[in-house]
Amino acid sequence: MKNLKSIIIILLLGALAGALISCKKKETVEPEQTADRLILGFSQIGSESAWRTRNTQSIIEAAEENDIQIIFDDAQQKQENQLKAIRSFIVYQVDVIAFVPIVEDGWDNVLTEAQEAGIPVIVVDRQINADQSLYAGFLGENGIEEGRRAAHFLVNKCKNSNRTINILEMSGTENSSVVRERAKGFREVIAGDSKFQIIHSEDGDFLRSRGKEIGENLITSTIRRDGLYYNGQKIDAVYSHNDSMTLGLLDSIEQYSVNTRNTIMISVDAEQKSIDALIEGKLNCVVECNPNLGPMLMSLVKQIAEGTPIPRITYNTESVFTEDDDFSLYIPRGY
Ligand code: GYE
């Protein structure tokens, strides 16, 4: 009996010791691991388009793949939320801050605060008007080149026509670098021939709902359904700064059964739905803006964290999709 009791006590003690050791092990490992992990504070604009959603996914996926801890903030399209988020990253003492500036201006103060806290900052997707010494570098698209590509397609498409080409432009978020650049690149190229006239330019804030509204206002302002008209002038070409607005315009065109077979439709982003519309003959050209910035951003984050300077500007690679392509060669866009 006595032996049995002592055996039970030994077993119990053994089990207790085992539990204690495993508890201790879990606690120990994690703090150490977390300590080595880089912490990235990332401020995103919001989720206004399929492009933006894919951009966010790409960044979060890449952080995981690179074992970088990401503190992600969605600013719901408000600059003040971005300023708040960046200030919280400074308080949290992250290793690197990266943000997509919804507009170009108003970042100097918060960037100075980050600099004083010794935290390097990477500007992502859109550019800012701030002293370059306040941030380490830019990663994103070349909006001017995107605008040029859209215009080159139009110029080439109209090379055999001598008549005036009336253009409707749907631009994105006001005061954002991407709108300024896409507008500038496009105008730079069409300026070469005075037959190209932008007869109306309207801010659709990169939203499908706004694209639809712009279309509805144009269509319901006339009884004609043989094309789109602005102040009685027939629109020969549409230049839209992003697919969401383009798809919204197509919604209205379909809703009112407007015949836009002869209207040249050019869009920017290249999300799957717009590529589908291109294949269906509803669009003529889609200029790619590549949202997959995650992997490039993480390598820049690592570079900075180890004290290696990064390039002032890193552009992503982009292409152009047109009605002249062999669509069978297209691969799914993933957004
Ligand atoms: O074209 C649009 C998004 O900043 C390049 O923002 C980005 C633009 C993109 O809303 O779809």
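This is a predicted model: local features need pLDDT of at least 70, side-chain atom pairs count only at pLDDT 80 or more; totals for chains, interfaces and linings use all residues.

User: Which strand is Thr 322 in?

Analyst: Thr 322 is in strand S14, which covers residues 320-322.

User: And is Thr 322 buried or exposed?

Analyst: Thr 322 has a relative accessible area of 12%. Buried means under 20%, so Thr 322 counts as buried.

User: OK, zoom out. How many helices and strands does the protein chain have?

Analyst: The protein chain has 10 helices and 14 strands.

User: What share of the residues is buried?

Analyst: Of the 335 residues in the protein chain, 48% count as buried. As for contacts between residues at least 6 apart in sequence, 75% of them join residues at least 24 apart.

User: New topic: salt bridges. How many are there in the whole structure?

Analyst: A search of the whole structure gives 25 salt bridges. One of them joins Glu 48 and Arg 52, with the closest N and O atoms 2.8 Å apart.

User: Are Glu 48 and Arg 52 buried or exposed?

Analyst: Both Glu 48 and Arg 52 are buried. They also belong to a network of salt bridges that links Glu 48, Arg 52, Asp 125 and Arg 126.

User: What about Lys 195, which residue does its side chain meet in a salt bridge?

Analyst: The side chain of Lys 195 meets that of Asp 193, at 3.9 Å from N to O. Lys 195 counts as buried because its relative accessibility is 10%. Asp 193 is at 30%, so Asp 193 counts as partly exposed.

User: One more pair: what is the N to O distance for Arg 224 and Asp 226?

Analyst: Their side chains form a salt bridge at 3.0 Å, N to O. Arg 224 is partly exposed, with a relative accessible area of 43%, and Asp 226 is partly exposed at 31%.

User: Now Glu 181. Which helix is it in?

Analyst: Glu 181 is in helix H6, residues 177-190. Glu 181 is buried and has no salt bridge.

User: What is the nearest side chain of opposite charge to Glu 181, and how far away?

Analyst: That is Arg 180, at 4.0 Å.

User: Then which backbone nitrogen lies 3.1 Å from a polar atom of the Glu 181 side chain?

Analyst: The backbone nitrogen of Gly 143 does. Leaving out residues up to four places away in sequence, Glu 181 touches Gln 127, Glu 141, Asn 142, Gly 143 and Ile 144.

User: How do helices H5 and H6 cross?

Analyst: H5 covers residues 143-157, and the axes of H5 and H6 come within 6 Å and cross at roughly 40 degrees. The crossing is right-handed. Among the residues making the contact are Gly 143, Ile 144 and Ala 151 of H5 and Glu 181, Gly 185 and Phe 186 of H6.

User: Why quote both an angle and a distance?

Analyst: Because two packed helices are described by the angle between their axes and the distance between the axes.

Technical notes:
Residues are numbered from 1 along each chain as its sequence is written. Side-chain values use heavy atoms; hydrogens and water are left out. Helices (H or I, at least four residues) and strands (E, at least two) are DSSP runs, numbered from the N terminus. Buried means under 20% relative accessible area, exposed over 50%, partly exposed in between (1.4 Å probe, protein chains only). Lys and Arg count as positive and Asp and Glu as negative; His and the chain ends are not counted. A polar contact is a pair of N or O atoms within 3.5 Å; within protein, one must be able to donate a hydrogen and the other to accept it, and residues adjacent in sequence count only if both atoms are side-chain atoms. Contact means heavy atoms within 4.5 Å. Axes are lines fitted to C-alpha atoms, for helices over the stretch in contact, and angles run from 0 to 180 degrees between N-to-C directions. A crossing is left-handed if the near helix is turned anticlockwise from the far one by less than a right angle, and right-handed if clockwise.
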